[in-house]
Amino acid sequence: MTDSTLFGGIFGAQVIGSGAIGTAFARTLSRAGVEATISNSRGPESLKDLVRELGPSIKARTREEAARADIVFVAVNWTKLRAAMANLPDWNGRIVIDANNPIEAPLFKPADLGGRVSSAVFADLVPGARVVKAFNHLRAEVLAADPGSDGGRRVLFYSGDDTAAKGEIAALIEKLGLAAIDLGPLEVGGRLAQFLGGPLPNQNLVRMG
Ligand SMILES: NC(=O)c1ccc[n+]([C@@H]2O[C@H](COP(=O)([O-])OP(=O)(O)OC[C@H]3O[C@@H](n4cnc5c(N)ncnc54)[C@H](OP(=O)(O)O)[C@@H]3O)[C@@H](O)[C@H]2O)c1
């Protein structure tokens, strides 16, 4: 069963980036029966096999189509983010989930952020969007796993500067079966959950009860 009336009528979350994290997120959406789209740099044709495997609630679209949605989830390699966010419609207060970390395989050399939290740097690429940091602190295989498989609900941290946007994303996280924990504004929560540097990445925590 799909649910396209979630979050006050908003149609799921549309995903830009179909790699490890974009796919893991889409898998959690599919498991919860939430309708969504997924996109990459190569176009929907390249995603045919993936969406078939993910199930009927996930459709392949272009990056531009995904970017028109009310909630857009972005999981792209740090150095490719500028290109991935270029030439898209005005954000006009729409919500963007920043699942990115300022570091890249295979060298894992941290990007120079000039002392800023990475979500602030990312926010500059999506002017006018309400940015919520989330889904960046677990490894893809942990994020994709059943959130209830360890006897409780897997914890998913989020942070942001807009209370209403955070409320929407907290509702989405809970809908997916995860336990949502608000870390506060981007400047605080973004740093706590940032990889590298923060204490929370790769902590696979479970809320009991
Ligand atoms: N892997 C993890 O466990 C993990 C955990 C937490 C956070 N993260 C963060 O999540 C982000 C993505 O990581 P990942 O491991 O999922 O990377 P990945 O497997 O290399 O996938 C990156 C995705 O970005 C897409 N992309 C690149 N340029 C694009 C563009 N111009 N327009 C649209 N899509 C574009 C790629 O599409 P194409 O293949 O078509 O180019 C690909 O689908 C990174 O910032 C990373 O730090 C990763």
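Which residue forms a salt bridge with R139? Look for E141, with the closest N and O atoms 2.8 Å apart. The views below come from a predicted model, where local features need pLDDT of at least 70, side-chain atom pairs count only at pLDDT 80 or more, and totals for chains, interfaces and linings use all residues. Residues are numbered from 1 along each chain as its sequence is written, and side-chain values use heavy atoms, leaving out hydrogens and water.

**View 1. R139 meets E141.** This is a salt bridge (a side-chain nitrogen of Lys or Arg within 4 Å of a carboxyl oxygen of Asp or Glu). E141 is exposed, at 51% relative accessibility, while R139 is partly exposed at 44%. Here, buried means under 20% relative accessible area, exposed over 50%, and partly exposed in between (1.4 Å probe, protein chains only). A search of the whole structure turns up 12 salt bridges.

**View 2. R27 pairs with E53.** Their closest N and O atoms sit 2.7 Å apart. R27 belongs to helix α2 (residues 20–31) and E53 to helix α3 (residues 48–54), so this pair ties together parts 26 residues apart in sequence. Helices (H or I, at least four residues) and strands (E, at least two) are DSSP runs, numbered from the N terminus. R27 itself is partly exposed, with a relative accessible area of 28%.

**View 3. D162 joins R130.** This salt bridge spans 3.2 Å, N to O. D162 is in the loop between β7 (153–160) and α8 (163–175), and R130 is in strand β6 (residues 130–134), so the pair links parts 32 residues apart in sequence. D162 is partly exposed at 26% relative accessible area, and R130 is partly exposed at 26%.
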